[in-house]
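Open the structure in your viewer and get your selection tool ready. We will take a short walk through it, one stop at a time.

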Amino acid sequence: MSQIIALTNQKGGVGKTTTAVNLAASLAALDRRVLLVDLDPQGHATMGSGIDKHSLEGSVLDLLLGEKSAPEVMLDCPTAGYSLLPGNGDLTAAEVELLDRAEGRERSLTEALASVAGEYDVVLIDCPPSLNMLTVNALTAANGVLIPLQCEFYALEGLSALLDTVEQIKDSVNPDLAIYGILRTMFDGRNSLTRDVSKQLRDYFGEALLKTTIPRNVRVAEAPSHGLPVTKYARFSRGSQAHRVLAKELIRRLSL
């Protein structure tokens, strides 16, 4: 059985898409079969995988609306090492279309992935930075949630709203949804606020707080402009090494 993991945080700029792309590449480098789903209308995970989001013949929108199957939309990213269900600005239409459906709207992604998810060890879903119907679809389809988080005050406030949403999804459509981990991104251990927030997270979440941290690193920021994960763009950089450590921690944690 594949593990379907939704990477989500309604607060933008926390490194969610960066984590999705580099974790996918790191898991693939460790011989896991990986599918990355770009569910964000910004299409950054698609661009970061080396695919032009403006010239797609099919996208996740077609899956959600039932107009194409996953194999018809799926693309190979041989340099990165994983498969991709690409997304772009067309996904904004999916939000409207899904809201107009009388029933089953939260299960559209679940049904779309049903035919292919079992072919992969891991399916990573890059969610939009909001708690909308696309995110609800991701949480309904997922086995667990990975939450990238910056160590700052407002991040903690937003985390509370996200956890409330996870509980609502568990109570309604996906009772087995779990928190797979909280990942500290753009981490600088020299910063006193970072240390204080880390302590609060550790005290409250315990084992759910991942040991791995992703540091601020210029190579990580540069890699998307080259259409590459940082693990391929600058494999010996601190950012690349951190994502490989993250992949290994998740493999141990989830028995991938």
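Before the first stop, one term: a residue is called buried here when its relative accessible area is under 20%. Keep in mind, too, that you are looking at a predicted model.

**Stop 1: strand S1.** Select residues 3-7, which form strand S1. Strand S1 is largely enclosed by the rest of the structure, because 5 of its 5 residues are buried.

**Stop 2: the neighbours of S1.** Next, bring in residues 144-150, strand S6. S6 is also parallel to S1, with 3 bridges between them. Here, pick isoleucine 5 and its bridge partner in S6, glycine 144.

**Stop 3: the largest pocket.** Select Gly15, Lys16, Thr17, Thr18 and Met186: of the 30 lining residues, these lie nearest the centre of the largest pocket. The elements that each give two or more residues to the lining are helices H1 (16-29), H2 (44-48) and H10 (218-222), together with strands S7 (178-187) and S8 (209-215). Which element gives the most? Colour H1, which contributes 6 residues. The space inside the pocket comes to about 560 Å³.

**Last look.** Colour the pocket lining by class and you will find 14 nonpolar, 12 polar and 4 charged residues.

Notes:
Residues are numbered from 1 along each chain as its sequence is written. This is a predicted model: local features need pLDDT of at least 70, side-chain atom pairs count only at pLDDT 80 or more; totals for chains, interfaces and linings use all residues. Side-chain values use heavy atoms; hydrogens and water are left out. On a 1 Å grid over the protein atoms alone, a cavity is a set of points where a 1.4 Å probe fits but cannot get out, and a pocket is an open set with protein on both sides within 12 Å along at least five of seven lines; lining residues have an atom within 4 Å of a point. Grid points are joined across faces, edges and corners, and a volume is the space filled by probe spheres set on the points. Helices (H or I, at least four residues) and strands (E, at least two) are DSSP runs, numbered from the N terminus. Ala, Val, Leu, Ile, Met, Phe, Trp, Tyr, Cys and Pro count as nonpolar, Asp, Glu, Lys and Arg as charged, and the others, Gly among them, as polar. Buried means under 20% relative accessible area, exposed over 50%, partly exposed in between (1.4 Å probe, protein chains only). Two strands pair if DSSP finds at least two bridges between them.
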